Amino acid sequence: MSRVEISKIEYAIETDVLRLVETIISKHGCNRSKLIPILQDIQNELKYLPRKVLEVVSSKLGVPISDIISVASFYHQFRLEPVGEYVFQVCFGTACYLRGASNVYEALKLATSKVSITVEKARCFGCCSLAPVVMVISTRTGEKYIHGRLNTNDARKIALKYSATIRK
Amino acid sequence: MSKYSLHEIIYGHHDLRVHVPISSCTLATGAQEVYRAIEDYIKRTGVSAEIHRVGCMGLCFLDPWIMIAGKNLPPAIYANVKPLDVEKILDRYLSEDLSGAYALRFRIDDKDYGIPLLDDKPEWKYQVRFVSRNCGIIDPESIDEYIRTGGYEGLRKALKMKPEEVIEVVRKSGLRGRGGAGFPTWLKWKITYEQKSDEKYVICNGDEGDPGAFMNRLLAESDPHRVVEGLIIAAYAVGATKGYIFVRAEKPLMADRLEKAVVEARKKGFLGEKILGTSFNFDIEVYRSAGAFVCGEETALIAAIEGRARPRQRPPYPAVSGLWGKPTLVNNVETLAHVATIFQVGVEEFTKYGTEKSKGTKMFCVTGAVKRTGVYEVPVGTTIKKLVYELAGGPIEGRKVKAVQVGGPSGGCIPFNLFDLELDYETLQAYGAIMGSGGLVVIDDSGCMVNVAKYFTDFTLAESCGKCLPCRVGMKIMNDILGRIVNGEGDVSDIEVLRDLGVSIIKTSLCGLGGSAPNPVLSTLRYFDNEYREHIENRKCPAKVCPKLVTYVIINEKCRGCGVCARQCPANAITGAAGKPHYIDSSKCVRCGACLISCPFGAIEKT
Ligand SMILES: Cc1cc2nc3c(=O)[nH]c(=O)nc-3n(C[C@H](O)[C@H](O)[C@H](O)COP(=O)(O)O)c2cc1C
Ligand code: SF4
Ligand code: FES
């Protein structure tokens with residue numbers, strides 16, 4: 001990528017975001033092997049990995065953007081799309097799946113369609129004995145709450161409980 | 001743990017000590033709120049009491065549980081405690097009324113409180129708590145408590161030996177890897193030890209990506225120093241100077257506790273330079289993986305630490321050329337915790353248990369359709385029946401157990417009529433499953449085996465890294481075929497295609513993911529052929545699970561005519577007047593199931 005293009009990208013994202021990315025990269029070292037921790041830190045700050053930011057990472061680390069996207073889309077932790085105030089991760093591990101995770105997932109989707117809550121399927125949280133399990137992540141504070149032994153009624157209650165805390 | 005120190009840890013130095021488990025599973029059921037309620041109680045009543053944070057003892061069906069130990073009273077465990085119950089429970093306990101307790105941890109006199117002993121309960125009695133001995137008893141964030149139970153004694157002993165002697169102890173123990181394949185631990189150590197290299201690494205594999213297995217999480221959250229101690233001993237034996245503990249971002253508490261343990265161990269001189277006054281230098285870094293199933297495979301795990309994501313061809317094995325091309329030892333969390341325990345208490349304590357070919361104990365997670373879900377540590381070679389029926393309590397009322405899935409996405413389903421089989425590496429393999437990390441998911445008559453097979457191919461297909469063709473394309477074809485079968489569009493010839501394809505994917509895949517991904521399909525074809533035929537020939541799902549093969553009906557007696565379902569139905573298939581029972585027009589229904597999950601009264605059923 002030519003120098004001109006890089007500066008164009010850098011121009012297109014806000015300077016504070018750019019500074020953030022630079023700080024994170026210099027903290028870990030400008031090294032390909034630090035790609036995953038770098039992406040983790042960026043996501044912690046920005047809640048997801050915007051394409052433009054990935055391009056900056058690509059140019060700084062000298063790693064092709066296709067490699068970065070392939071890493072970012074392969075690992076479950078990374079998100080390439082913006083998310084709501086809360087992310088509801090419904091476990092689709094074996095124990096949860098067999099105990100009705102799909103119903104909980106659909107119920108949460110229905111109950112949150114009008115609020116800023118993202119519902120997604122997730123891998124096992126290691127609380128399989130309490131299946132089905134949902135992990136709620138506050139994207140504002142980063143706090144995580146696990147809820148276990150849920151049915152569709154509980155799911156609706158959880159959706160209401162967290163919806164009520166979202167600033168309008 | 002000696003009786004004395006157990007007593008000391010349980011009673012502490014106050015009149016009253018309340019033990020509250022703080023781990024992922026208990027937090028999910030409200031342990032934090034219970035903790036706060038106990039704090040309030042202590043403040044309000046002014047009793048001389050202390051709360052003791054502990055890990056999880058593995059009896060997850062009790063969550064959240066607490067244990068109360070008061071002066072002159074036996075320690076009593078209470079199950080499924082709610083914050084609002086706390087006051088009543090503590091008031092009663094302090095007035096020597098123990099009713100409502102689930103069990104007594106032990107007795108202190110002959111007085112009969114009418115509460116059974118934990119040791120008399122089948123879920124405890126049949127366990128041999130070897131690696132899990134401290135789980136649920138000590139504070140996982142206190143290195144002092146770990147040391148008081150004999151912790152780091154194993155390391156002290158090992159450091160007095162030569163590395164060859166340490167490896168010899170592990171050989172004598174007969175310990176085999178608890179992370180899946182059951183490879184003899186000593187042999188891997190020996191190969192790594194024999195490599196000439198300026199630098200060597202040891203890695204603790206705590207990825208635990210198998211859904212349905214959480215013994216590593218439980219162990220590392222409840223007794224993290226045991227894992228750290230095992231890793232230090234391993235490093236000393238093979239001559240490594242740097243170690244990693246590989247944990248997933250999905251399991252944050254596990255990573256936090258291990259990280260804290262590493263810091264504390266460093267402060268006490270168990271890590272760092274000149275460990276315990278010897279010339280041995282070693283340090284550990286906790287690596288938080290971004291989560292992908294294939295990263296549990298050792299070459300992919302190493303690639304992940306290097307910033308890449310894919311497995312590679314073996315040989316060379318990591319023991320010869322691993323992280324950054326250097327000799328690298330990869331061992332599972334439980335394997336390393338066993339090492340620490342073996343060095344602490346002696347080889348004989350370990351070899352007492354197990355079978356001829358596999359010594360010792362193994363932690364098994366039993367989840368799914370049983371009464372007592374949890375983690376049970378039993379001798380290798382315990383029968384499936386004993387584990388599922390006696391320890392985990394058998395099926396939920398009114399249900400029948402059909403099969404157990406052992407070993408996760410790489411494993412297989414063992415049918416009920418083979419439950420006398422013993423849980424060891426070779427037996428399970430011979431019957432189409434694998435020991436894997438030891439996750440057993442029990443499936444009852446409400447589960448559909450074809451659907452389960454489809455579920456696992458969804459999983460492995462999504463997790464395939466795509467590097468090699470058999471896994472990437474082969475699993476896609478198997479998944480498509482299963483997709484047709486569960487939708488009632490299967491063909492009789494599909495069964496043969498699935499079998500042949502499965503066998504060739506296993507033979508030709510590069511890594512163990514593809515090399516085992518067809519197992520769930522092959523094992524269900526082997527034992528549940530009839531269920532496949534029902535789906536294909538009669539377009540029926542006998543367990544009424546596969547959405548496209550069921551009919552939704554409204555039970556008139558339960559329907560209150562609220563109309564929620566009708567509003568959710570995307571096909572306008574539901575009609576009815578407000579306040580009157582509604583009706584589903586089966587010819588319009590697209591079988592999405594939206595009505596079933598939206599009905600607040602549970603009035604919709606599948607037939
Ligand atoms: C797809 C795949 C996933 C694996 N996942 C894990 C895992 O989560 N934890 C683990 O310890 N071993 C896992 N393994 C096995 C490791 O490759 C390796 O054999 C093991 O960590 C060695 O440790 P052990 O000898 O102590 O068992 C996996 C293997 C494959 C093929
Ligand atoms: S078998 Fe699958 S996961 Fe393993 S290397 Fe091949 S494509 Fe990747
Ligand atoms: S299967 Fe859901 S938490 Fe493990």
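Author: Let's start with B:R176. Beyond its neighbours within four places in sequence, B:R176 is in contact with B:G182, B:F183, B:P184, B:T185, B:K357, B:S358, B:Y425 and B:E426. Bear in mind this is a predicted model.

Reader: OK, where is B:R176 found in chain B?

Author: In the loop between α8 (163-173) and α9 (185-194) of chain B.

Reader: And is B:R176 buried or exposed?

Author: Buried, because its relative accessibility is 11% and the cut-off for buried is under 20%.

Reader: What does the side chain of B:R176 reach at 2.7 Å?

Author: The backbone oxygen of B:G182, a residue that is also on the contact list of B:R176.

Reader: Switching topic: what's the mean pLDDT of chain B?

Author: It's 92, with 99% of the residues of chain B at 70 or more. For the model, ipTM is 0.84 and pTM 0.90.

Reader: Now the interface. How many residues of chain A are in contact with chain B?

Author: 39, and they touch 59 residues of chain B. In chain A, the residues losing the most area to chain B are A:F74, A:T94 and A:R123, together 17% of what that side buries.

Reader: How much do the two chains bury between them?

Author: About 3700 Å², 59% of it on carbon and sulfur atoms.

Reader: How many salt bridges across the interface?

Author: The rule finds 1. A:R123 and B:E463 meet in a salt bridge through their side chains, at 2.7 Å, N to O. There are also 15 residue pairs in polar contact across the interface.

Methods: Residues numbered from 1 in each chain as written. Chains lettered and ligands numbered in written order. Predicted model: local features only at pLDDT ≥ 70, side-chain atom pairs only at ≥ 80, totals over all residues. Heavy atoms only, no water. Helix = DSSP H or I, 4+ residues; strand = E, 2+ residues; numbered from the N terminus. Buried < 20%, exposed > 50% of the residue type's maximum accessible area, 1.4 Å probe, protein only. Polar contact = N/O pair within 3.5 Å; in protein donor to acceptor, adjacent residues only side chain to side chain. Contact = heavy atoms within 4.5 Å. pLDDT = per-residue confidence, 0-100. Buried area = accessible area lost by both parts, 1.4 Å probe. Salt bridge = Lys/Arg side-chain N within 4 Å of Asp/Glu carboxyl O.
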